Amino acid sequence: MLRMNNVSSGYGATTILHDVSLEVKKGEVVTIVGGNGAGKTTTLRTLSGLIDTSAGSITFKDEDITHLPAHQVVNRGITLIPEARQLFPEMTVLENIQMGAYRPAAKSRYEQRLEEVLALFPRVKERLHQQAESLSGGEQQMVAIARGMMACPELLIFDEPSLGLAPIVVSQVFDVVKKIAESGTTVLIVEQNVQQTLKVADRAYVIENGRIVMDGQAQELMGNDHIRKAYLGI
Amino acid sequence: MELIFSLIVNGLMLGSLYAMVSVGLTLIFGITKVINFAHGEFMMIGMMLTYIITTYLGIHPYLTLVFIVPLLFVLGILVQKYLIEPLRNSDEHVQIFATVGLSIAMINLVLMIAGSDNFNTPSSGMRHTLDLGLATVLTGQVVIMLCSIFMVGGLHLFLTRTQMGRAIRATAQNRNAAQLMGINVSRINMVTFGIGIACVGIAAVLLSPLYPVNAQTGQSFVLIAFVIVVMGGLGSITGAFFAALIIGLVDSFTGFYLGSSLKGVAVFGIFLMILIFRPSGLFGKARKLAHVS
């Protein structure tokens, strides 16, 4: 479904990603794990068109999307739920969710989709008319996920959804990720919480210093010595 | 008592005129984060065009809205697209210098073509006095007051009730996330700039029957408009509206009690106090400045 072929990218003259290749197949949950500054977020920003690719190519459903700007990538069916939630702080929760359904393909299915999404987040449903910034961190993350789902994406990308959340909320977030995957949406997830992520993922890539250093089935990687030492602390 | 009432009415009339000039400026700043130093010159151009069209076609000045508002809307879009957008990733000082440069270029272009003379648009009945019992006002002032209320109300509804308006607010609040929703941010910036300039175009047409225009006219209005925009809380439309009314009242009262030469001292004295004690504006919440950058 999604392929990155030998992609390099970065900010200005600084190259951060070197020759990254990865693939996400339809219906899979794929994760990219790695430490701080390894290039996880840059990979997602490149994929979603927020920064341009300097070498290599990206295809989605066999169409080239390498140099598309971010808003056109969304229209193709790829939605990124950015790190640190990034809600529209001075809009209500409902307005935030409406913005999620901005792309034409999502607008026509708005009513039905809203019902489906709110069923998944009862807490969000109670707070629809509150200002987004008045919510707790965990609730804001749920709104961010709900907003992302409203676009009816075929590929939903999560950037560190558990960052800065209380442990109980973290497990709720992973439950939601699992439910989204079970409902048939393809998921790419980037996390520092490697243990939890490998449990929900089918396959994983390990990124270090802007290069993919390892990939394989999530289960296998959990038993890998390097992974256990570097990321699981065992 | 009658005097006070009359000063209040005149202050509010003047204030709504300032509001019309300031609304576009605060909208552009709030959404695109560009300080448009050429705002007054767009108004001056609008007034010049009103003068030319009414004089040569002999139509009522207000009818020129049909030409001038769309024209300035397009002009705003072009400026955003070809002047501001290419500078998006440069230092914000560069953007400021670009709009200052545009302002100077526009003034000098008009000076070159028309000289420094004053041009008087025919008043077409807009300078008739209306007796409100306790105060007398000009017909044109009443029109400006009503229109400024419609303009602020209309913009507010547009920004909160329409899909495009929500996309504009979303862009202002988080540019990054807006792109991830599928919003074309450069298009939003162009439309916003266009709307802001179209607003000052409406102001220009409505002002024309009451004020003469020359190449420098924009400068005298825009200075007050900047005070209002800051006072209203940088980017807040309703904030700017009420700030404009306050400045109008201050102008009217100090003009009467202290003399018109001291009006500027009062207005800019208040401006300095606000910058020192409430830099986020009278109505702005302090944190609003956080996502202005």
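Contact here means heavy atoms within 4.5 Å. Helices (H or I, at least four residues) and strands (E, at least two) are DSSP runs, numbered from the N terminus. This is a predicted model, in which local features need pLDDT of at least 70, side-chain atom pairs count only at pLDDT 80 or more, and totals for chains, interfaces and linings use all residues. Residues are numbered from 1 along each chain as its sequence is written, chains are lettered from A in the order in which they are written, and side-chain values use heavy atoms, with hydrogens and water left out.

**Helix H5 of chain A**

- What covers the buried residues of H5(A) includes helix H3 (93-100), helix H4 (104-107), helix H6 (122-126) and helix H7 (137-150) of chain A.
- Those buried residues of H5 (residues 110-120) are Tyr110(A), Arg113(A), Leu114(A), Val117(A) and Leu118(A); buried means under 20% relative accessible area, exposed over 50%, and partly exposed in between (1.4 Å probe, protein chains only).
- Looking down the axis of H5(A), the buried residues fall within an arc of 130°, so they line one face of the helix; the arc is that of the directions from the helix axis to the C-beta atoms.
- A handy reminder: an α-helix has 3.6 residues a turn, so residues three or four places apart point the same way.
- Glu111(A), Gln112(A), Glu115(A) and Ala119(A) are exposed on the other side of H5(A).

**Where chain A meets chain B**

- Chain A brings 23 residues into contact with 20 residues of chain B.
- About 2,200 Å² is buried between the two chains, and carbon and sulfur atoms give 55% of that area; buried area is the accessible area (1.4 Å probe) that two parts lose on being put together, summed over both.
- One salt bridge is counted between chain A and chain B; the term means a side-chain nitrogen of Lys or Arg within 4 Å of a carboxyl oxygen of Asp or Glu.
- That salt bridge joins the side chains of Glu95(A) and Arg169(B) (3.2 Å, N to O).
- Helix H2 (70-76) and H3 of chain A are the elements that give two or more residues to the side touching chain B, and H3(A) gives the largest share, four residues.

**Two positive phi values**

- Most residues other than glycine have a negative phi.
- Asp19(A), in strand E2 (residues 14-24) of chain A, has a positive phi near 55° and is partly exposed, with a relative accessible area of 48%.
- Gln86(A) has a positive phi near 50°, lies in the loop between strand E6 (78-81) and H3 of chain A, and counts as buried at 18% relative accessibility.
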